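Dear colleague,

I am passing on the structure below, together with notes on what I found when going through it. Please read the notes with the coordinates open beside you.

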Amino acid sequence: MAPKVKSVGIKPKGQVFKDKSKPTDVRLSNIQAAKAVSDSIRTSLGPRGMDKMIQAANGEVSITNDGATILKQMNVLHPAAKMLVELSRAQDVEAGDGTTSVVVIAGALLEACEKLLQKGLHPTAISDSFQRCSNKAVEILTQMSTPIELNDRETLIKSASTSLNSKVVSQQSSLLAPIAVDAVLKVTEPGKENSVDLKNIKVIQSLGGTVEDTQLVDGLVFTSRSAGTNAPKRIEKAKIGLIQFCISAPKTDMDHNVIVSDYAAMDRVLKEERSYILNIVKQIKKVGCNVLLVQKSILRDAVSDLAQHFLDKIKCLVVKDVEREDIEFVCKTLHCRPIASLDHFTAENLSSAELVEEVSSGTNKFVKITGIQNQGRTVSIICRGSNKLVLEEAARSLHDALCVVRCLVKRQAQIVGGGAPEIEMALQLAAVAQTVDGVDAYCFRAYADALEVIPSTLAENAGLNPIATVTELRNRHAQGEKTAGINVRKGAITDILAENVVQPLLVSISAITLATETIRSILKIDDIVNTMS
């Protein structure tokens, strides 16, 4: 008879082994990684923020202090840290500005979460409480805001200038801000303020000159010069045709070679080619078209040398190699449809413009079309810069200013800047914390303290004493001065509204809601699982 075997270490039924330390470690790891990303761009916040030099793997260098651009090019490996990169991108899509602020707020909220978790609060309780804090913060921001009218151009320019003041091109904000305002108002359709599409504003970068040479063109600009040497460079009362077929000898669908053995056959080939091209050019002249825009072809030359010679003879200005993705913008601007075949090349498919001319800008030459009849709601901006780094940063800064004006068009309200809204939210949330009980009391207090990171960082980056500055700012707000903020130029707390430091309400609301949403997602994670593939 076999001896009885004692069962060793078998737990009673219904009890499961649970590692309590692992979820805590995972949460801590996620928070640390995300905080590291936040700390890395914290010094870029505000008008006195530092710039980052980014060196790509291919040796390309760019200098910027735009949060979304820095994080997009940063090599981030930790999955929780990647969530902050996505957060910055979401803010860029939603509001266009405040991409650094949103990540700095998220980092401060994560630090607050860490302290609350150490006190023994449950992550779900913190998450739900933070959602209530976010809703209350949005309420406070809305109460602080002042409504604006879209025809009040000066107010819109002030907001665009505030956005540009933290950029490399801050010296030129008095020039770039009005350009941004005029461009957005030009593409805004009355009654459709919520669907302003910045794709209707084409920003063209041209090396040479300075940022002051940046100009707004109410019309269409092509970055390539006109084709042909003897063609006219300036045409008034232009009839413009946009074609998608090629004016060159046709090619067969299959790849093959034709061997021509005698001169007679060769002459016949050249004669056919000549008559084919001549037929197309005659049709163009018959319709009265004197400006031809040709879509870029991947199969063959859009315009052959022979065709160019004939087009020069009929005094037709040709812009070839119009990019496929630009066709929609060109059609919208000229209020026309692309012509796909010669049969449809008729007078009613052409569009008219007062002037088409080739202009020089630095070393580049552009074709500019102005005075377009029935012009669509589009506009072009030629952005200039003395070197590639400045030029790219000027274009990025201009994009941020355009987004700020778009935010004001979408939601017609603005609030003061300079850390004033964050301090006001912190004070009011701290007051709410006194009236609630349980977990909410702790969380409201922690959320309020976390929001002070923005004024604290602004002061730090401006070379002020952060603790003294935030304390004075808090005191001024407690006395009822809701528009008191940090004036980095004077290095003191002043009425920031009098200094015209204003920003759209949508930017601040978006930053608070998106940051809170991301923090709640990170808090709920208690394990990281690797998949098989």
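**Notes on the structure**

Strand E7 (residues 234-243) pairs with strand E8 in the parallel sense, over four bridges, where two strands count as paired if DSSP finds at least two bridges between them, and where helices (H or I, at least four residues) and strands (E, at least two) are DSSP runs numbered from the N terminus. Before going further, please keep in mind that this is a predicted model, in which local features need pLDDT of at least 70 and side-chain atom pairs count only at pLDDT 80 or more, while totals for chains, interfaces and linings use all residues. Residues are numbered from 1 along each chain as its sequence is written, and side-chain values use heavy atoms, with hydrogens and water left out.

To continue with E8, Gly241 has Leu292 as its bridge partner in that strand, and Leu292 in turn has Val318 as its bridge partner in E9. Strand E9 (residues 317-322) runs parallel to E8 and is joined to it by four bridges. Five of the five residues of E8 (residues 291-295) are buried, so this strand is largely enclosed by the rest of the structure; buried means under 20% relative accessible area, exposed over 50%, and partly exposed in between, with a 1.4 Å probe and protein chains only. The burial holds for both faces of E8, with Val291, Leu293 and Gln295 on one side and Leu292 and Val294 on the other.

As for the overall layout, the domain assignment gives domain 1 (20-147 + 416-524) and domain 2 (219-374), with bounds that come from an automatic or database domain assignment. The centres of domain 1 and domain 2, taken over C-alpha atoms, are separated by 54 Å.

There is also an open sheet of three strands, in the order E3-E13-E16 and with antiparallel pairing. Strands E3 (146-147) and E16 (502-504) stand at its edges with a single partner strand each, so one side of each has no neighbour in the sheet. E3 and strand E13 (residues 413-416) run antiparallel and are joined by two bridges, and Pro147 has Ala413 as its bridge partner in E13. Helix H6 (residues 153-164) packs on this sheet and touches E13 and E16, its direction making about 95° with that of E16. Helix H16 (residues 505-524) likewise packs on the sheet, touching E13 and E16, but its direction makes about 65° with that of E16. Contact here means heavy atoms within 4.5 Å, and the axes are lines fitted to C-alpha atoms, for helices over the stretch in contact, with angles running from 0 to 180 degrees between N-to-C directions.

Turning to side chains, a search of the whole structure finds one aromatic pair. The ring centres of Phe130 and Tyr447 are 5.2 Å apart and their planes stand at 80°, so the pair is edge-to-face; rings of Phe, Tyr and Trp (its six-membered ring) pair if their centres lie within 6.5 Å, with planes under 30 degrees apart counted as stacked, over 60 as edge-to-face and the rest as tilted. The pair links distant parts of the chain, since Phe130 lies in helix H5 (residues 123-144) and Tyr447 in helix H13 (residues 439-451), 317 residues apart. Phe130 is buried at 0% relative accessibility, and Tyr447 is buried with a relative accessible area of 0%.

Finally, the count of disulfides comes to zero, a disulfide being a pair of cysteine sulfur atoms within 2.5 Å. The sulfur of Cys113 has its closest cysteine sulfur in Cys443, at 8.0 Å, which is too far for a bond.

With best regards
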